[in-house]
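Dear colleague,

Please find below the structure that I am handing over to you. My notes on what was found in it follow directly after.

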Amino acid sequence: MRKPVDGTAALAMIVLCLVWGAQQVAIKAIADDMDTMMQVAMRSGIAAVLVWGMGRLVLREAWLPSVWCRSGVAVGLLFAGEFLFIAEGLRWTSASHTAVFLYI
């Protein structure tokens, strides 16, 4: 049986959407000072290091080679393509248009 959405879940989703939406605004805001592709690359690189560190050092999980070789590479390439299109799209349009295109 499904439980109704409580206030904590609703607030978590609102905060998450605000953070994700603010990402494009922040990238666009400093696009004149730093290339959008560099911003996306730095963000992705830092996130990859944090995920790796969390999995290896904090959770102490053994990474399965057969899992990351196929599925991990495929997902990584799809995310890289998404971020490439976001960075290029922000050069040509506003952050609000990019967010709408991204979430449709």
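How are helix 1 and helix 4 oriented to each other? This is a predicted model, and in it the axes of the two helices cross at roughly 140° and come within 9 Å. Angles over 145 degrees would count as roughly antiparallel; helix 1 and helix 4 are therefore oblique to each other. Helix 1 passes helix 4 in a right-handed crossing. On the side of helix 1, the residues in contact are W20, Q24, V25 and K28, and they meet A95, T98, A99, L102 and Y103 of helix 4. By class, this contact comprises six nonpolar, two polar and one charged residues.

Helix 1 also packs against helix 2, which covers residues 36-58; their axes come within 9 Å and cross at roughly 135°. Helix 1 and helix 2 are therefore oblique as well, and their crossing is right-handed. Here Q23, A26 and I27 of helix 1 meet T36, Q39, V40 and R43 of helix 2. Three nonpolar, three polar and one charged residues make up this contact.

As to annotation, an unreviewed UniProt entry places a transmembrane region at residues 40-59 and at residues 71-92. In the model, residues 71-92 are 100% helix, with the end C-alpha atoms 32 Å apart.

Regarding confidence, the protein has a mean pLDDT of 82, and 89% of its residues reach 70 or more.

With kind regards

Key
Residues numbered from 1 in each chain as written. Predicted model: local features only at pLDDT ≥ 70, side-chain atom pairs only at ≥ 80, totals over all residues. Heavy atoms only, no water. pLDDT = per-residue confidence, 0-100. UniProt positions renumbered as here; feature names shortened; annotations may be inferred. Helix = DSSP H or I, 4+ residues; strand = E, 2+ residues; numbered from the N terminus. Axes fitted to C-alpha atoms, helices over the stretch in contact; angles between N-to-C directions. Parallel < 35°, antiparallel > 145°, perpendicular 65-115°, else oblique. Left-handed = near helix turned anticlockwise from the far one by under 90°. Contact = heavy atoms within 4.5 Å. Nonpolar A, V, L, I, M, F, W, Y, C, P; charged D, E, K, R; others polar.
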